[in-house]
Amino acid sequence: MTGPLVLGIETSCDETGAGLVRGHELLADSVASSVAEHARFGGVVPEVASRAHLEAMVATVDRALATAGVKLAEVDGIAVTAGPGLAGALLVGVCAAKAYALALDKPLYAVNHLAAHIAVDQLEHGPLPRPAAALLVSGGHSSLLLVRDVAGEVLPVGATIDDAAGEAYDKVARLLGMPFPGGPPVDAAARGGDGSAIAFPRGKYRDDTFDFSFSGLKTAVARWVETRRAVGLPVPVAGVAASFQEAVADVLTRKAVNACRAHGVMNLIIGGGVAANSRLRALATERCEAAGIALRVPRPGLCTDNGAMVAALGAELMARGVTPSPLDVAADSALPVTEVVAGLS
Ligand code: KG4
Ligand code: ZN
């Protein structure tokens, strides 16, 4: 076993995550989710998420330590998500990480959530290829990044100008009477439908940016469903789900492959909760193969928010001798992606 042993803490949204990583090896990944508490609201309620993080934090860390069979005193460093994310939720994790770092007298790495989504792939597929492009798609973010070095040089290439991809899934699911979060039920329903049944719009499809737009698609699905209901016709749920899903997967993979081409990059990493989507995975595989791009997608459990991804980035930073964050580092709900480690400037 080589490399530093790092405890990673994640609280940017509704998952309280504690992960333990040694070098590139995943030792434990403990997650407590408050998703059930948000379900009746159809989206994450920040105050509810913050309270749930407070209640779950210590038990989640203890569970990770027990799973890994290591003692807190053996940990070489603490990593925590500093942003982007929900301000109050981030604060809980950052305060907990500071307390652990201070009590153990170990370095603290307050890291960028998006860089952590990329670094987690090292736990499954080994050292990251450099350079790489990354497509990060979740309920909170939809970004295309150029990753020259996950430990220090991550550049924004494109992002959503309105809804995140996962948010569009959640809204369409609600419209179709499916539970929150909407990604898994829409994905399941789509398997029984024809993705070319309804020609839903693909936002920003032909422009030369690498930005996304999903709000027009969401509105088009709503109008289509409402029109059917208004004239008393049944809604073909599988066809709507599959056609919506096809539009999302089509635009995401098209822009990701175009971004790789434009930047001369032959490696693509996909992460975030929406990376669990079956059609996105299949279409990305197909299009990357055709373009000669090597595709890496972590298994679904590592794509959604977790502590292991934060620990994976922390272990990489420590191994490279990157300067840790000061103990007065602040959580930053809008932390720019170019800031892999917060509080250094
Ligand atoms: O990364 P994540 O766990 O949390 C953040 O939002 O940061 O992503 C959650 C999002 C939700 O919007 C959920 O609907 C979506 O990921 N999701 C999926 C699938 N599984 C989860 N979207 C499409 N297909 C899926 N299979
Ligand atoms: Zn995330």
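**View 1. The largest nonpolar core and its most connected members.** Of the 50 residues in this core, L135, F214, F244, L252, L268 and I270 touch the most other members. A nonpolar core is a set of buried Ala, Val, Leu, Ile, Met, Phe, Trp, Tyr and Cys residues joined through side-chain atoms within 4.5 Å; buried means under 20% relative accessible area with a 1.4 Å probe, protein chains only. Elements giving two or more residues include β6 (132-137), β9 (267-271) and α10 (278-291), while α9 gives the most, with 13 residues. Helices (H or I, at least four residues) and strands (E, at least two) are DSSP runs, numbered from the N terminus. The model is predicted: local features need pLDDT of at least 70, side-chain atom pairs count only at pLDDT 80 or more, and totals for chains, interfaces and linings use all residues. Residues are numbered from 1 along each chain as its sequence is written, ligands from 1 in the order in which they are written, and side-chain values use heavy atoms, without hydrogens and water.

**View 2. Surroundings of I270.** Beyond its neighbours within four places in sequence, I270 is in contact (heavy atoms within 4.5 Å) with residues including L135, V137, L280, R296 and C303.

**View 3. The zinc ion (ligand 2).** Its protein donors (N, O and S atoms within 2.8 Å of this metal; water is not among the atoms, so the site may look incomplete) are H113 (NE2), H117 (NE2), H141 (NE2) and D305 (OD), at 2.1 to 2.8 Å. The four donor atoms subtend angles of 89 to 164°, which makes the arrangement irregular.

**View 4. H117 and H141.** H117 lies in helix α4 (residues 113-119) and H141 in the loop between β6 and β7, so the pair ties together parts 24 residues apart in sequence. H117 is buried at 1% relative accessible area; H141 is also buried, at 13%.

Note on methods:
Donors = N, O, S within 2.8 Å, 3.2 Å for Na, K, Ca; no water. Tetrahedral: all angles 85-135°; square planar, octahedral: opposite > 155°, others 65-115°.
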